[in-house]
Each structure stands twice: as structure tokens, then as C-alpha cells.
Amino acid sequence: MYFNFYNMFTEHKKKTRWVKRIFIIGALFLVIGVLVAWFIFTDTFDDTNKQKANIEINALDLIKQFETSDSSANKKFTEKIILVRGRVSETEIVDSIINIKMIDTTTNGTILFAFQQQNINDTKSLKVGDSIAIKGSCSGGVYSEILETEIINFKRCLVIK
Amino acid sequence: MKKTIMLFALAGFTTLTFAQKKKTTTAASISFDATTLLDALPKAENKTVVASINPKTGDVAFESIVKSFTFSNPMMQDHFNSAKWLDSEKYPKATFKGKITNLAAVNFAKDGTYNATVAGDLSLHGATKPVNTTATIVVKGKEVKTTTDFTIKLSDYAVEGGAIAGGKVATDPKIIVVANFK
């Protein structure tokens with residue numbers, strides 16, 4: 001009788017220990033899962049200013065590469081951080097939007113730069129003809145049926161002083 | 001006196017000619033809102049949209065590079081461009097071509113706010129579907145500002161997935177297009 005009671009007691013202890021372990025491991029996984037989800041869903045893009053340019057290129061060379069073959073240029077440049085040097089051809093200001101354009105006047109091929117909210121003020125002093133460098137993420141280029149020319153878009157840009 | 005009349009006539013002719021010329025902009029914007037109660041992340045904006053309006057014929061159009069849509073969350077932007085969603089590598093451009101169907105109700109030569117009806121085709125993700133909507137057109141001097149919003153059914157454009165079925169992404173996101181022609 002005593003022997004049976006002892007066995008039952010040690011069995012129960014073993015079970016409790018396992019339940020505790022499973023509970024702790026489960027809780028650990030839950031905490032890690034919540035942390036990973038929190039990190040993913042609250043993540044934002046890094047400030048372009050802190051990112052190193054993958055490629056540095058002259059505006060006219062970039063337009064030429066897209067005009068020659070936009071499929072191979074898209075593979076080469078899209079979603080890369082690029083530093084583009086060139087002259088301001090136009091500043092388009094609409095409400096809160098300020099886009100800078102660099103245009104190849106021989107083909108009308110156009111690069112459109114949209115700026116990071118925190119860097120919009122830097123564009124206000126720019127004038128047509130200014131020689132500048134802009135760093136941003138290339139969104140790729142397509143042939144525009146409306147403008148009848150190649151257009152290349154950049155997002156999250158800033159002017160490099 | 002003759003000179004004054006001539007000048008007025010010339011000014012009037014110039015205004016009329018300008019009002020009837022096709023106008024374009026590269027700073028139109030499209031907002032995409034597919035948020036639901038379960039997820040506030042699927043919304044984006046593109047501020048480098050090319051748009052045109054022809055006051056004479058009533059033709060309206062816009063084009064957008066799909067990868068130009070910016071989300072606040074990098075993972076959401078990756079999903080948006082992925083092969084399962086808009087597959088922006090295969091279909092890099094979204095376009096709309098349409099017409100103002102009540103052109104007589106809009107006077108591009110006179111300042112004012114006009115309600116227009118627009119019918120056209122939206123091409124996205126390799127599919128083209130008709131879109132009928134209303135637009136507000138504000139004419140102020142040489143400037144024409146157009147604003148329109150409409151919803152699309154993602155299933156019409158073969159955009160499907162677990163997040164949509166699970167209610168994390170709206171099945172019929174709202175699209176707002178604003179274009180300011182100078």
C-alpha cells in the first residue's frame with residue numbers, strides 16, 4: 001500500500017514537472033512570436049540619408065540606359081539606392097507635393113524624383129538649371145503613352161548637399 | 001479703341017486656345033486604401049503619377065509605375081509588389097484611359113467647380129476592367145484640378161490571397177486620384 005502510494009506520488013511529480021516545462025516553452029515561443037510580429041508590423045523604411053548608394057550615375061546616362069532597354073535597366077536599377085547627378089529641368093509643386101525632374105532635352109526622357117517628407121524643404125530653394133545630386137530608391141522606368149517618352153521614377157529621395 | 005478691342009479679342013482667343021489644349025502633369029497622386037479592422041497597414045500613395053486631360057475631347061488618362069507606391073511598412077510594400085499580388089515585375093504599369101461623359105456640363109474656360117462623370121478602362125495586373133465614376137473639376141484661371149475616388153474589386157484583377165480571404169486586406173480597396181494641371 002505504502003509502495004503504491006509512493007509510486008503514485010513520484011509519477012504525479014514527474015507529470016507536473018513536464019507540464020511546467022511545456023508551459024514555459026510555450027510561453028517562451030509566444031513571447032518570441034509577439035516580439036517578431038511587433039517588429040515586423042511596426043517596421044518602417046530606413047532614412048535614405050543613412051543608406052549607402054549602391055550606384056552613382058549621371059542623369060542622362062541613366063535615361064539612356066532605360067531608353068535603350070527598360071527591361072534590362074529595370075533589372076539593374078529597380079529597388080536600389082542610387083545617387084543621380086544632373087541639372088534640375090523642372091520643379092513641379094502641387095499642394096504638398098514637390099517633384100524634381102531631370103529631362104534629356106533631346107528625347108524628353110524624364111527622371112521624376114519624389115522626396116521623403118523630412119527632406120521636402122531642401123527642394124524649395126532649387127531652381128531650374130541647378131546642378132545637384134539626388135539620392136533615392138529607384139522605382140523603375142516605363143514608356144509613358146501620355147508623354148510619349150521614357151519615364152523613370154524615384155521615391156524616398158533627398159538632395160545631397 | 002480698335003487696339004483695345006483687338007487686345008481683348010487676342011486675350012480671349014489665347015484663353016480659349018489654352019483651355020482646349022491637352023494638359024499633362026507628372027505630379028498627380030493616387031492613394032490606395034485596403035485597410036480593414038484587422039489591419040491598418042495596407043495603404044499606400046504614389047505622388048509621381050502621369051496624368052492628362054483634354055478639355056476639347058474630354059479624354060482623361062493616368063499612368064502609374066506600380067513600384068512607385070510607397071507604404072509605411074516595408075513588408076507590406078514587398079507583399080504588394082510580389083508575384084502573388086500585383087506582380088510589379090511582370091506588370092510594371094497601371095493605367096486608366098477614359099472620357100468625361102458629360103463634357104457639356106464642364107466649362108474649362110470659366111472659373112468654377114464642376115461635377116463630371118467619367119467612364120473608362122483601368123488596366124492593372126494584366127487585366128482591364130471598366131470603371132465608371134464621378135469627378136470634381138475645379139477650374140481656376142489656367143489651372144484645372146481634378147479629384148475622383150472609386151473602389152475596385154481585387155478579384156476582378158486576379159489579385160487574391162490568404163490575407164484578402166482572411167479579412168486583413170479589403171476585397172474592394174478605395175482609390176483616390178488627384179491631378180492638378182497648370
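Q: Where in chain B does B:Asp87 lie?
A: B:Asp87 lies in the loop between α2 and β5 (93-100) of chain B. The helices and strands named here are DSSP runs numbered from the N terminus (helices are H or I, at least four residues; strands are E, at least two). A quick note on the model: it is predicted, so local features need pLDDT of at least 70 and side-chain atom pairs count only at pLDDT 80 or more, while totals for chains, interfaces and linings use all residues. Residues are numbered from 1 along each chain as its sequence is written, and chains are lettered from A and ligands numbered from 1 in the order in which they are written.

Q: What makes B:Asp87 partly exposed?
A: The count around B:Asp87 is 16 other C-beta atoms within 10 Å. A residue is buried with 20 or more other C-beta atoms within 10 Å of its own, exposed with 12 or fewer, and partly exposed in between (C-beta atoms are placed from the backbone). So B:Asp87, with its 16, is partly exposed.

Q: What is phi of B:Asp87?
A: Phi is about 45° there, a positive value although B:Asp87 is not a glycine. Most residues other than glycine have a negative phi.

Q: Why is A:Asp95 called exposed?
A: A:Asp95 has 11 other C-beta atoms within 10 Å.

Q: Which residues does A:Met102 touch, not counting residues up to four places away in sequence?
A: A:Met102 touches A:Ala59, A:Gly86, A:Arg87, A:Val88, A:Ser89 and A:Ile111. Touching is a contact, with the two C-beta atoms, placed from the backbone, within 7 Å.

Q: Why can you say that the buried residues of α2(A) line one face of the helix?
A: Those residues are A:Ala59, A:Leu60, A:Leu62, A:Ile63 and A:Phe66, in helix α2 (residues 59-68) of chain A. Seen down the axis, they fall within an arc of 160°, so they line one face. The arc is that of the directions from the helix axis to the C-beta atoms. On the other side of α2(A), A:Asp61 and A:Thr68 are exposed.

Q: What puts the buried residues on the same side of α3(A)?
A: In helix α3 (residues 70-77) of chain A, the buried ones are A:Ala73, A:Asn74 and A:Phe77. They cover an arc of only 105° around the axis, which puts them on the same side of α3(A). A:Ser71, A:Ser72 and A:Lys75 are exposed on the other side. The buried residues of α3(A) pack against β1 (55-58), α2, β2 (81-87) and β6 (131-144) of chain A.

Q: What makes β3(B) mostly covered?
A: Six of the seven residues of β3(B) are buried.

Q: How do you know that β2(B) and β3(B) pair?
A: Four bridges join β2(B) to β3(B), which run antiparallel. Strands pair if DSSP finds at least two bridges between them, so these two pass. B:Val50 has B:Glu63 in β3(B) as its bridge partner. β3(B) is also joined to β5(B) by seven bridges, running antiparallel, and B:Val60 stands opposite B:Gly98 in β5(B).

Q: Which residues have the most contacts inside the largest nonpolar core?
A: They are A:Ile111, A:Phe113, B:Ala28 and B:Phe62, in a core of 72 residues. A nonpolar core is a set of buried Ala, Val, Leu, Ile, Met, Phe, Trp, Tyr and Cys residues joined through C-beta atoms within 7 Å. Strand β7 (residues 149-160) of chain A gives the largest share of this core, six residues.

Q: How many residues of chain B are in contact with chain A?
A: 22 residues of chain B are in contact with 24 residues of chain A. On the chain B side, β1 (23-33), β2 (43-53), β3 (59-65) and α2 (74-81) each supply at least two residues.
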